[in-house]
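User: I have a model open and want to go through a few spots in it. Can you answer as we go?
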Amino acid sequence: MSDLNPPTDPERMKTQLPARATRPRNADAKPAASGAEKTRARPGGLFECIAEGRQFESVVHPDAGHDEAVVEIVDFRLWYGETQALHDISFSVPKGKVTALIGPSGCGKSTLIRCVNRMNDLVDSVRVEGQMKLNGDAIYGKGVDVIELRKRIGMVFQKPNPFPMSIFENVVYSLRIDGVRDRHALEEVCESSLRGAGLWDEVKDRLKDSALALSGGQQQRLCIARAIAAEPEVLLLDEPCSALDPIATGRIEDLIDDLKGLYSVLIVTHNMQQASRVSDNTAFMYLGRLVEYGPTETLFLSPSLRETEDYVTGRFG
Ligand SMILES: Nc1ncnc2c1ncn2[C@@H]1O[C@H](COP(=O)(O)OP(=O)(O)OP(=O)(O)O)[C@@H](O)[C@H]1O
Ligand SMILES: [Mg+2]
């Protein structure tokens with residue numbers, strides 16, 4: 001989406017958001033009205049209700065779910081040992097769009113995103129229930145080949161992690177693993193991926209140089225190039241800009257915008273302006289629960305829940 005005013009500016013938000021009493025609800029948002037009213041009727045509000053483990057209904061705006069899903073999450077729960085970190089999460093990540101995951105630190109954003117490519121399998125104490133599907137295929141089904149599954153999913157972390165090899169070899173890494181030897185094919189993928197990641201012009205004359213010699217922002221775009229070279233069905237980005245300066249961040253945001261349509265992206269961010277600038281849909285989480293999910297414009301400009309509004313306008317957390 002584009003042209004949203006910066007939502008973290010409380011003054012501007014105040015002028016953007018109609019008064020709560022008169023704010024029109026999204027006519028389609030079936031569960032929103034009842035969920036919101038019920039929540040407000042609870043003493044202490046929704047956050048206390050969640051903290052105390054009381055029952056509540058996530059608000060999922062139906063207009064976020066009309067598109068074909070690349071990732072479907074259904075009643076998903078996760079425990080680290082005895083501690084439950086994700087509770088009954090259900091929503092769909094639409095194909096060809098950018099979906100942002102927001103929420104205060106420790107609410108389970110990374111845990112959730114890491115479940116999509118089963119990275120949490122690497123943590124001994126983890127147990128999951130519920131379902132996740134990638135393009136209709138069960139991610140946690142019996143007999144799923146996790147290596148094959150991960151080939152279908154790209155992931156980029158908060159801290160760039162280029163491999164200690166050349167820029168070229170970083171980008172074509174997945175093709176090498178698949179045994180591609182044709183130099184011409186490798187060069188083509190290298191160029192198109194680096195172009196896709198907005199890095200080609202900066203590195204085209206130094207492809208043999210070590211990737212570790214690149215700046216942080218360049219390294220992050222290299223990691224995105226490496227991820228898209230594998231043509232993933234979904235690209236997971238966990239706070240990809242948090243270690244970058246505003247210029248490098250702007251480049252990555254432009255890049256995410258360019259990837260829209262070609263790739264399906266699920267991005268974790270703490271930056272509300274970034275979420276509003278780059279994403280089509282936004283999911284707001286709190287203490288391991290999905291609070292509200294819908295089109296980004298709805299969540300930022302006319303959310304159904306007061307708590308969502310407080311969070312996106314910076315009045316909370
Ligand atoms: N490997 C682990 N073992 C045990 N508990 C964990 C593990 N990883 C995360 N947790 C716990 O799960 C909860 C969610 O953590 P998670 O890292 O998913 O939050 P987050 O929303 O990504 O936070 P941040 O915004 O700070 O990155 C936290 O309470 C955290 O302490
Ligand atoms: Mg995290």
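User: Is Glu-233 buried, exposed or partly exposed?

Analyst: Glu-233 counts as partly exposed, because it has 18 C-beta neighbours inside 10 Å. A residue is buried if 20 or more other C-beta atoms lie within 10 Å of its own, exposed if 12 or fewer, and partly exposed in between, with C-beta atoms placed from the backbone. This is a predicted model: local features need pLDDT of at least 70, side-chain atom pairs count only at pLDDT 80 or more, and totals for chains, interfaces and linings use all residues. Residues are numbered from 1 along each chain as its sequence is written, while chains are lettered from A and ligands numbered from 1 in the order in which they are written.

User: Where does Glu-233 lie, and what does it touch?

Analyst: Glu-233 lies in the loop between α10 and β8. Helices (H or I, at least four residues) and strands (E, at least two) are DSSP runs, numbered from the N terminus. Leaving out residues up to four places away in sequence, Glu-233 touches Val-70, Leu-134, Asn-135, Arg-152, Ile-153 and Ser-264. Contact here means that the C-beta atoms, placed from the backbone, lie within 7 Å. From Glu-233 to Lys-151 is 9.0 Å, C-alpha to C-alpha, although they are 82 residues apart in sequence.

User: Which way do the β8 residues point?

Analyst: Val-234, Leu-236 and Asp-238 point one way, Leu-235 and Leu-237 the other, and all are buried. In a regular strand the side chains alternate between the two faces of the sheet.

User: What handedness does the unit of β8, α11 and β9 have?

Analyst: That β-α-β unit is right-handed. With the strands pointing away from the viewer, the path from the first strand over the helix to the second then runs clockwise.

User: Changing topic. What surrounds ligand 1?

Analyst: Its shell is Tyr-80, Ala-85, Gly-103, Ser-105, Gly-106, Cys-107, Gly-108, Lys-109, Ser-110, Thr-111 and Val-123. A residue is near a molecule if its C-beta atom, placed from the backbone, lies within 6 Å of it. The largest share, 3 residues, comes from helix α4 (residues 109-116).

User: Is α4 enclosed or open?

Analyst: 8 of the 8 residues of α4 are buried, so the helix is largely enclosed by the rest of the structure.

User: Last one: how far is Leu-290 from Gly-108?

Analyst: Their C-alpha atoms are separated by 9.6 Å, and the two residues are 182 apart along the chain. Leu-290 lies in strand β11 (residues 289-295) and is buried, with 25 other C-beta atoms within 10 Å.

Methods
Contact = placed C-beta atoms within 7 Å.
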